[in-house]
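Here's a quick briefing to read alongside the structure. Have the 3D view open and follow the topics one by one.

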Amino acid sequence: VMGESGEDIIMARAARKKFPFSVECKNVEKLNVWAAYEQASANSGNYEPLLIMKKNRKKPLVVLDADYFVELIKKL
């Protein structure tokens, strides 16, 4: 529900095992990416924070910690 605190996407335990991220979603024309990522981090608990941002007539983008991203790519 809009305005609730915490994660934007609540997942079942089985889904969380396959997708170990805490998701914060933003759909705005102007965004302070750093503040939005801090919000994602504050709500992430034991999971990796992931920010999905969208703007009108633009493709959605994902923000993920660079160190985590590098480790993820190494595993591939």
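**Aromatic rings**

There are two aromatic pairs in this structure. Rings of Phe, Tyr and Trp (its six-membered ring) pair if their centres lie within 6.5 Å; planes under 30 degrees apart are stacked, over 60 edge-to-face, and the rest tilted. What you're looking at is a predicted model: local features need pLDDT of at least 70, side-chain atom pairs count only at pLDDT 80 or more, and totals for chains, interfaces and linings use all residues. Residues are numbered from 1 along each chain as its sequence is written, and side-chain values use heavy atoms, leaving out hydrogens and water.

- F21 and Y68 have ring centres 5.7 Å apart and planes at 80°, so this pair is edge-to-face.
- F21 sits in strand β1 (residues 21-27) and Y68 in helix α3 (residues 66-75), so the pair ties together parts 47 residues apart in sequence. Helices (H or I, at least four residues) and strands (E, at least two) are DSSP runs, numbered from the N terminus.
- F21 counts as buried at 9% relative accessibility, while Y68 is partly exposed at 25%. Buried means under 20% relative accessible area, exposed over 50%, and partly exposed in between (1.4 Å probe, protein chains only).
- F19, F21 and Y68 form one aromatic cluster.

**The nonpolar core**

- The largest nonpolar core has five residues: A36, Y37, L51, M53 and V63. Such a core is a set of buried Ala, Val, Leu, Ile, Met, Phe, Trp, Tyr and Cys residues joined through side-chain atoms within 4.5 Å.
- α2 (33-42) and β2 (48-54) are the elements that give two or more residues to this core.
- In soluble globular proteins, nonpolar side chains tend to be buried together.
- Beyond its neighbours within four places in sequence, A36 is in contact (heavy atoms within 4.5 Å) with E24, K26, L31 and L51.

**Strands and how they connect**

- Five of the seven residues of β2 are buried, so β2 is largely enclosed by the rest of the structure.
- β1 and β2 run parallel, joined by seven bridges; strands pair if DSSP finds at least two bridges between them.
- S22 has P49 in β2 as its bridge partner.
- From β1 the chain crosses through α2 to β2, and this β-α-β crossover is right-handed (with the strands pointing away from the viewer, the path from the first strand over the helix to the second runs clockwise).
- β2 and strand β3 (residues 61-64) run antiparallel, with four bridges, and M53 stands opposite L61 in β3.
- Six residues lie between β2 and β3 in their hairpin, and R57 in the turn has a positive phi of about 60°.
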